[in-house]
Amino acid sequence: MVTAVPLPPRARAVRHLGPNWYAAVMGTAVVATAGAGLPGRVPGLRTACTAVWALSLVLLVALLAARALHWAHHRDQARAHLLDPATVPFYGCLAMALLAVGGGAVAVGRDWIGERSAVALDAALFTAGTAVGLTAAVAVPCLMAVRHENGPGQASPVWLLPLVAPMVSAALGPRLVPYLPAGQPRETLLLACFAMFGLSLLATLAVLPALFARLITGGPLPLALTPTLFLVLGPFGQSTTAVGAFADVAPGVVADPYRAGFTVLAVLYGVPVMGFALLWCAFAAAHVVRARRHGMGFTMTWWSFTFPVGTCVTGAEALGRHTGLAVYQGLAVALYGVLVAAWATAAVCTARGVVSGELLAGPRPAPPAPRPATARTTSGAVR
């Protein structure tokens, strides 16, 4: 008879550690990069942002190690995550975590580690994050189509996660353009980022109608999933950031009329898309207020309040640069205040859950669902 070798405590602790935990890295890194781009100079802000970026780097290394343990010792659970339509989209978070920390290295990390090391770190993480993101953008939808059974009423904002990852590459890639040799290397990277912008945007526009239809015809999301409505802000805030970044680096990289075209695109695309993002922000906030009134407690989905809002901050900063309008600068400052409050809340609750062991414990059996007190008529009214 073969006796099973007991797993070390660290290996046992990570059995239920899913890819959704990378959202904490993303949310932490965006606090640093968004804060670095705010208009004006606030004493101590850049130092604080650099410290937050350093924290995101530590979190990334720790999570990569923990996920490696997860795959080494709990392959059954890792395979179950791949076959779970509610979990597999979070593999897009791995790509975005790598990209967010890499982008923060050039934005603020260079203050502490030097520009050369920051560029090298960003180049490595951008390459890895883009490769993972493009793979997830293809593999996850294919896996969901072939191996999962999803009905129209199961559409979820988390479906957007693998599709948004290439947009993060598109927004952060231009930071590396000035460090490449002049000529074709710079132009190739810029146009590659523009291609990923289109890839992600069109894929998002294909999925969003199914999500909106699910909300209108199927009613609100379950309480624990309600914060994920903020994930819809990600592709729109990040795409506004991306077109602004294209316009920033286009001079000297592409010739006219394309250089001027990027500048025009930054405004003519960014203004209406940011308007829609603000509309969705109000829509999602109304759902969150309702969910809190119905007893929504903390889960890791609360990290959805951070990175997507951070992309709207960087998008507003880009519009402020290219329009010169104080209203966008003020919007960036206001949204950054919301971002910091959301990050602090999620960080404190996550730390408390890790220390207590509650967040790392296995899922509890679901209680019997109460009989609904209302029902929808075929017209959509409630009776």
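Predicted model: local features only at pLDDT ≥ 70, side-chain atom pairs only at ≥ 80, totals over all residues.
Reader: Hi! To start with the fold, how many helices and strands are there in the chain?

Author: Hello! The chain has 13 helices and zero strands. Read from the N terminus, the elements run α-α-α-α-α-α-α-α-α-α-α-α-α.

Reader: And what share of the residues count as buried?

Author: Of the 383 residues of the chain, 47% are buried. As for contacts with a separation of 6 or more, 81% are between residues 24 or more positions apart.

Reader: Nice. Which residues of the largest nonpolar core touch the most other members?

Author: Those are Met96, Ala170, Leu190, Phe197, Phe246 and Tyr336, in a core of 112 residues. Helix H5, residues 91-113, gives the most to this core, with 14 residues. As background, nonpolar side chains tend to be buried together in soluble globular proteins.

Reader: Let me pick one of those. What does phenylalanine 197 touch, not counting residues up to four places away in sequence?

Author: Phenylalanine 197 touches Met167, Ala170, Ser239, Ala242, Val243, Phe246 and Tyr269 on that count. Two of these contacts, Ala170 and Phe246, are also on the list of core residues that touch the most other members.

Reader: How many cavities of 30 Å³ or more turn up?

Author: The count comes to two cavities. The largest cavity holds about 60 Å³ of space.

Reader: Which residues line the largest cavity?

Author: Its lining is made of Met26, Met96, Leu161, Val164, Leu231, Gly234, Phe307 and Pro308. Helix H7 (161-172) and H12 each supply at least two residues of that lining.

Reader: Changing topic: where is threonine 50, and is it buried or exposed?

Author: Threonine 50 sits in helix H3, which covers residues 45-73. Threonine 50 is buried because its relative accessibility is 0%, and the cut-off for buried is under 20%.

Reader: What lies 2.8 Å from a polar atom of its side chain?

Author: That is the backbone oxygen of arginine 46. Leaving aside neighbours within four places in sequence, threonine 50 is also in contact with Val108, Gly109, Asp111 and Trp112.

Reader: Now the charged pairs. How many salt bridges does a search of the whole structure find?

Author: Five salt bridges are found. In general, side chains of opposite charge can pair when their charged atoms come close. One of the bridges joins aspartate 248 and arginine 321, with the closest N and O atoms 2.7 Å apart.

Reader: Why does that pair tie together parts that are 73 residues apart in sequence?

Author: Aspartate 248 lies in helix H9 (residues 233-249) and arginine 321 in helix H12 (residues 307-323), so the bridge connects parts 73 residues apart in sequence. Aspartate 248 is partly exposed at 39% relative accessibility, and arginine 321 is partly exposed at 48%.

Reader: Which side chain does glutamate 115 meet in a salt bridge?

Author: Glutamate 115 pairs with arginine 110, at 3.9 Å from N to O. Glutamate 115 is partly exposed, with a relative accessibility of 43%. Arginine 110 is partly exposed too, with a relative accessible area of 33%.

Reader: One more, please: what about aspartate 256, which side chain does it meet in a salt bridge?

Author: Aspartate 256 meets arginine 259, with an N to O distance of 3.1 Å. Arginine 259 counts as partly exposed, at 28% relative accessibility.

Technical notes:
Residues numbered from 1 in each chain as written. Heavy atoms only, no water. Helix = DSSP H or I, 4+ residues; strand = E, 2+ residues; numbered from the N terminus. Buried < 20%, exposed > 50% of the residue type's maximum accessible area, 1.4 Å probe, protein only. Polar contact = N/O pair within 3.5 Å; in protein donor to acceptor, adjacent residues only side chain to side chain. Contact = heavy atoms within 4.5 Å. Salt bridge = Lys/Arg side-chain N within 4 Å of Asp/Glu carboxyl O. Core = buried A, V, L, I, M, F, W, Y, C linked by side-chain atoms within 4.5 Å. 1 Å grid on protein atoms, 1.4 Å probe; cavity = no way out; pocket = protein on both sides within 12 Å on 5 of 7 lines; lining within 4 Å. Points joined across faces, edges and corners; volume = space filled by probe spheres on them.
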